[in-house]
Amino acid sequence: MKKLLLILSFSLGLATTAQAGYIENKMQWDELPDLAKEGYAMGLVDQYVNIFRISEIWLDQTLHHRDCIVDLGMKVGNFVELIDAQYNKDVSNWQLDPTLILQQALVALCGSHKN
């Protein structure tokens, strides 16, 4: 019984990268269940439009993307679809994390910045 508890506690203690909360590439993204993808995508959107303001160019772009998201009436499932579609556009994207993939998808959908 002690051996079983030890094995069980050890195996439960080994979290995958996805379980730890950071997705590094398409392979890890694809391993997520749909509900986890939705939560992760929504977190990326929230981070992108509220935190990712490095410079005036980035600020202008993120505000433009936020307005675009609202104008299009996008829902959480749409962000998962954007990430999946962007990954599937180009095999060379597969090593990129979903944060960069989402940004690429928003640039493709909404444009790079407000004119």
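# Terms and their cut-offs

Colleague: What makes K26 count as buried or exposed?

Modeller: K26 has a relative accessibility of 10%, and the term buried requires under 20% relative accessible area, with exposed meaning over 50% and partly exposed anything in between (1.4 Å probe, protein chains only); K26 therefore counts as buried. This is a predicted model, in which local features need pLDDT of at least 70 and side-chain atom pairs count only at pLDDT 80 or more, whereas totals for chains, interfaces and linings use all residues. Residues are numbered from 1 along each chain as its sequence is written, and side-chain values use heavy atoms, with hydrogens and water left out.

Colleague: Why is D30 called partly exposed?

Modeller: The relative accessible area of D30 is 39%, which falls in between the limits for buried and exposed, so D30 is partly exposed.

Colleague: How do you know that D30 and K26 form a salt bridge?

Modeller: The term asks for a side-chain nitrogen of Lys or Arg within 4 Å of a carboxyl oxygen of Asp or Glu, and the closest N and O atoms of D30 and K26 are 2.4 Å apart, so the pair qualifies. Both residues belong to helix α3 (residues 26-31), where they are four residues apart, about one turn of the helix.

Colleague: What makes the link between C68 and C110 a disulfide, and why is it called left-handed or right-handed?

Modeller: A disulfide is a pair of cysteine sulfur atoms within 2.5 Å, and the S to S distance between C68 and C110 is 2.0 Å, so the pair meets the definition. The torsion about the S-S bond is about -80 degrees, so the disulfide is left-handed. The pair links distant parts of the chain: C68 in helix α5 (residues 56-72) and C110 in helix α7 (residues 98-110) are 42 residues apart. Both cysteines are buried, and the structure holds one disulfide.

Colleague: Which residues touch the most other members of the largest nonpolar core?

Modeller: A nonpolar core is a set of buried Ala, Val, Leu, Ile, Met, Phe, Trp, Tyr and Cys residues joined through side-chain atoms within 4.5 Å; of the 20 residues in the largest one, W29, I69, F79, I83 and L102 touch the most other members. At least two residues of this core come from each of α4, α6 and α7, with α4 giving the largest share, six residues.
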